[in-house]
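Q: Could we go through this structure together, one feature at a time? I would like to learn how each feature is read.

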Amino acid sequence: MISERSRAFWQAVSAVYVIDDPASSSQDLARVISTDPAMSARLLRLVNSAFWGFGGQIGSVSRAVILLGTLHVHDVVLEESLLYGNGDFYKTMNFATRGG
């Protein structure tokens with residue numbers, strides 16, 4: 001059985017690959033995010049917050065992805081993976097680390 005931490009990690013990896021793929025669409029990204037209830041909920045809470053000030057209630061992940069844009073969605077995905085992932089996200093994604 002896959003743990004919640006592992007699931008969050010692999011969902012985040014999948015989402016980042018979709019974001020980084022120039023041939024993917026916002027619908028592709030929404031489809032990946034929609035498979036993770038926690039990530040979907042976090043994204044919907046963000047898009048419906050007073051900070052963004054969108055009129056009305058945004059109820060779909062695909063609409064949230066379009067309104068927030070990939071940069072902000074990328075940040076939500078990273079946050080979700082760091083909070084609930086297994087800590088190997090940066091290593092798997094080949095991000096450079098400082099100081100060795």
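Q: By about how many helical turns are Asp28 and Arg31 separated in helix α2?

A: An α-helix has 3.6 residues a turn, so residues three or four places apart point the same way. Asp28 and Arg31, being 3 residues apart in helix α2, are separated by about one helical turn, where a helix is a DSSP run of H or I with at least four residues, numbered from the N terminus. Before going further, note that this is a predicted model, in which local features need pLDDT of at least 70 and side-chain atom pairs count only at pLDDT 80 or more, while totals for chains, interfaces and linings use all residues. Residues are numbered from 1 along each chain as its sequence is written, and side-chain values use heavy atoms, with hydrogens and water left out.

Q: Which residue forms a salt bridge with Asp28?

A: Side chains of opposite charge can pair when their charged atoms come close. Here Asp28 forms a salt bridge with Arg31, with the closest N and O atoms 3.1 Å apart; the criterion is a side-chain nitrogen of Lys or Arg within 4 Å of a carboxyl oxygen of Asp or Glu. The structure holds 1 salt bridge, and Asp28 is partly exposed at 25% relative accessibility (buried is under 20% relative accessible area, exposed over 50%, partly exposed in between, with a 1.4 Å probe and protein chains only).

Q: Where do the buried residues of α2 fall when seen down its axis?

A: The buried residues of α2 are Leu29, Ala30, Val32 and Ile33. Seen down the axis of α2, they fall within an arc of 160°, so they line one face of the helix; the arc is that of the directions from the helix axis to the C-beta atoms.

Q: How many residues does the largest nonpolar core have?

A: In soluble globular proteins, nonpolar side chains tend to be buried together. The largest nonpolar core has 22 residues, and among those with the most contacts inside it are Leu29, Ile33, Leu43 and Val61; such a core is a set of buried Ala, Val, Leu, Ile, Met, Phe, Trp, Tyr and Cys residues joined through side-chain atoms within 4.5 Å. The helices α1 (4-20), α2 (26-34), α3 (37-47) and α4 (61-84) each supply at least two residues of this core, and its largest share, 8 residues, comes from α4. The protein has 5 helices and 0 strands, and buried residues make up 35% of its 100 residues.

Q: Is Ser40 buried or exposed, and which residues does Ser40 touch?

A: Ser40, found in helix α3, is buried, with a relative accessible area of 10%. Not counting residues up to four places away in sequence, Ser40 touches Ile33, Ser34 and Val61, contact meaning heavy atoms within 4.5 Å. Leaving aside its own neighbours within four places, Val61 is in contact with Ala30, Ile33, Ser34, Ser40, Leu43 and Leu44.

Q: Which residues form the aromatic cluster?

A: Rings of Phe, Tyr and Trp (its six-membered ring) pair if their centres lie within 6.5 Å, and planes under 30 degrees apart count as stacked, over 60 as edge-to-face and the rest as tilted. Phe51, Trp52 and Phe54 form one aromatic cluster, and a search of the whole structure finds 2 aromatic pairs. Phe51 and Trp52 are edge-to-face, at 5.3 Å centre to centre with 90° between the planes, whereas the rings of Trp52 and Phe54 have their centres 6.1 Å apart and their planes at 0°, so that pair is stacked. Phe51 is exposed at 69% relative accessibility, while Trp52 is partly exposed at 24%, and Phe54 is partly exposed at 28%.
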